[in-house]
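Please look at the sequence and the three-dimensional structure shown below. The paragraphs that follow lead through a few of its features step by step.

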Amino acid sequence: MIPVTTLKDRKVALFGLGGSGFATARALISGGADVTAWDDNPDSVAKAAAEGIRTEDLHNIDWSQQALFVLSPGVPLTHPKPHWTVDLARAAGVDIVGDVELFVRERRAHAPDCPFIAITGTNGKSTTTALIAHILKSSGYDTQLGGNIGTAVLTLDPPKAERYYVVECSSYQIDLAPTLDPSAGILLNLTPDHLDRHGTMQHYADIKERLVAGSDVAIVGVDDSHSALIADRVERASVKVVRISRRNVLADGIYAEGTKLIQAAGGAMLPFADLDGIQTLRGSHNAQNAAAAVASCLAVGVSADDIRTGLASFPGLKHRMQPVGQRGRVVFVNDSKATNADAAAPALSSYDRIYWIAGGLPKAGGITTLAPYFPRIAKAYLIGEAAAEFAATLGEAVPYEISGTLERAVAHAAADAERDESAASAVMLSPACASFDQYKNFEVRGEAFVAHVAALDGIAMLIGPATGEK
């Protein structure tokens with residue numbers, strides 16, 4: 001835990017008692033703050049009170065006495081309309097922040113020079129964050145991984161010299177972190193997302209820009225127009241900018257040329273690494289993720305050799321294009337996190353011959369947008385409620401069977417792939433659906449896939465079937 005000492009003996013109001021909210025309340029109390037917490041969910045309030053956290057309806061507190069208001073990132077700050085607590089705090093002139101802001105204040109107070117890499121973007125955040133942390137850990141650095149990737153940032157170990165922080169930041173978290181100041185800040189890309197919470201694409205982009213604008217080194221993917229303009233603006237404000245691209249040659253920065261990462265400076269192009277053969281970094285989207293990881297690790301002093309070693313040994317992000325087993329020429333890939341068609345596209349674009357397990361609880365639009373990848377699919381194995389709908393979409397373009405269950409789909413796909421005389425193929429779970437018709441969540445679905453793969457004869461597992469870890 002990181003005790004929030006910068007608010008010692010001061011009154012702090014807190015709203016939102018989910019996982020990160022509880023962690024924040026504990027960190028504030030541990031640092032000596034006088035906390036009053038609340039939530040719209042009575043069960044969350046009761047749980048907090050049972051843990052000794054003072055709770056009171058924030059309608060009834062004296063806002064003029066509050067030094068700060070801490071809001072959980074899941075609670076609306078601006079759109080579709082501010083939460084009622086936001087209106088009360090603003091009326092009293094109380095600053096509104098989130099847990100990432102509390103973290104950066106503690107870092108400045110206790111270890112301002114400890115390396116801090118922050119990652120944002122519409123797509124690829126979690127893989128890039130995990131990859132950076134892996135490179136640092138495999139290079140022997142004391143590495144703390146948290147933020148939007150699933151570990152509340154204030155549950156990490158306290159800042160100290162030579163401790164490296166890798167923090168994934170959502171737009172909601174950035175919006176509540178006005179003094180965010182990473183050593184290296186990454187903006188991967190921008191496409192329309194969360195506009196119900198940000199109102200317009202421009203407002204969404206403006207929020208994302210804050211992360212790189214406050215960085216010592218700003219690493220920006222320039223393959224979309226919003227991000228390219230942000231790179232130019234930040235550079236004009238005298239921030240050092242490293243541009244990255246998966247599509248275009250750059251005179252300065254790091255870009256992908258097929259599977260090769262090229263480091264460019266002053267027009268000179270030097271090969272840095274080749275991702276060919278690294279199963280967990282297949283596809284052009286992962287080339288962008290790897291370029292961002294390389295740039296950020298170089299920015300905080302990691303050697304080129306250590307970075308290359310870390311890239312080659314990256315085990316992948318659990319449930320996201322994760323190679324879990326091998327049998328002969330067939331690799332088994334867990335992409336359970338692909339809960340809609342757009343999320344499934346990167347995996348389908350990364351293999352040439354696929355035995356595709358798809359289906360579950362369908363999303364609007366189904367899989368029609370995946371038609372460009374149908375030529376890569378040797379056969380589809382359809383499960384769950386979406387099976388009939390997906391079968392109609394595939395029609396005569398792709399051979400398919402309605403397997404019904406994941407267990408049957410794995411067994412049939414594995415048998416068909418084994419008979420395939422192609423040089424290599426993939427049995428891939430990339431459902432393009434939610435899991436809730438058959439599984440509690442995509443994690444449970446992915447773990448079931450791993451277990452079914454592990455039960456096959458002659459399989460060489462690349463990860464542990466119980467944990468999904470390498």
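Axes are lines fitted to C-alpha atoms, for helices over the stretch in contact, and angles run from 0 to 180 degrees between N-to-C directions. Helices (H or I, at least four residues) and strands (E, at least two) are DSSP runs, numbered from the N terminus. This is a predicted model, in which local features need pLDDT of at least 70 and side-chain atom pairs count only at pLDDT 80 or more, while totals for chains, interfaces and linings use all residues. Residues are numbered from 1 along each chain as its sequence is written, and side-chain values use heavy atoms, with hydrogens and water left out.

Two packed helices are described by the angle between their axes and the distance between the axes. At what angle do helix 14 and helix 15 pack? Helix 14 (residues 406-419) and helix 15 (residues 442-454) pack at about 45 degrees, and their axes are 10 Å apart. Helix 14 is therefore oblique to helix 15; angles under 35 degrees count as roughly parallel, over 145 as roughly antiparallel, 65 to 115 as roughly perpendicular and the rest as oblique. The crossing of helix 14 with helix 15 is right-handed. A crossing is left-handed if the near helix is turned anticlockwise from the far one by less than a right angle, and right-handed if clockwise. Helix 14 contributes Leu406, Glu407 and Val410 to the contact, and helix 15 contributes Arg445, Ala448, Phe449, His452 and Val453, where contact means heavy atoms within 4.5 Å. By class, the residues in this contact of helix 14 with helix 15 are five nonpolar, one polar and two charged. Here Ala, Val, Leu, Ile, Met, Phe, Trp, Tyr, Cys and Pro count as nonpolar, Asp, Glu, Lys and Arg as charged, and the others, Gly among them, as polar.

Helix 5 passes helix 11 with a right-handed crossing. On helix 5 the contact involves Leu131, His134, Ile135 and Ser138, and on helix 11 it involves Asp306, Ile307, Gly310 and Leu311. The residues of the contact of helix 5 with helix 11 comprise four nonpolar, three polar and one charged.

The other partner is helix 10 (residues 284-299), which packs with helix 5 at an angle of about 45 degrees, the axes being 9 Å apart. Helix 5 is therefore oblique to helix 10, and the crossing is right-handed. Thr127, Thr128, Leu131, Ile132 and Ile135 of helix 5 meet Asn286, Asn289, Ala290, Ala292, Ala293, Ser296 and Cys297 of helix 10.

Is Gly121 buried or exposed? Gly121 is buried, with a relative accessible area of 0%, whereas Asn123 is partly exposed, at 44%. Buried means under 20% relative accessible area, exposed over 50%, and partly exposed in between (1.4 Å probe, protein chains only). Not counting residues up to four places away in sequence, Gly121 touches Leu187, Leu188, Asn189 and Lys208, and Asn123 touches Leu188, Asn189 and Thr191.

The backbone also deserves attention. Most residues other than glycine have a negative phi, and most peptide bonds are trans. The peptide bond from His79 to Pro80, however, is cis, with omega near 0 degrees, and Pro80 lies in the loop between strand 3 (68-71) and helix 3 (84-91). Ser238 has a positive phi, near 75 degrees, and is located in the loop between helix 9 (225-236) and strand 10 (240-245). Ser238 counts as exposed, at 70% relative accessibility. His319 also has a positive phi, near 70 degrees, but is buried, with a relative accessible area of 4%.
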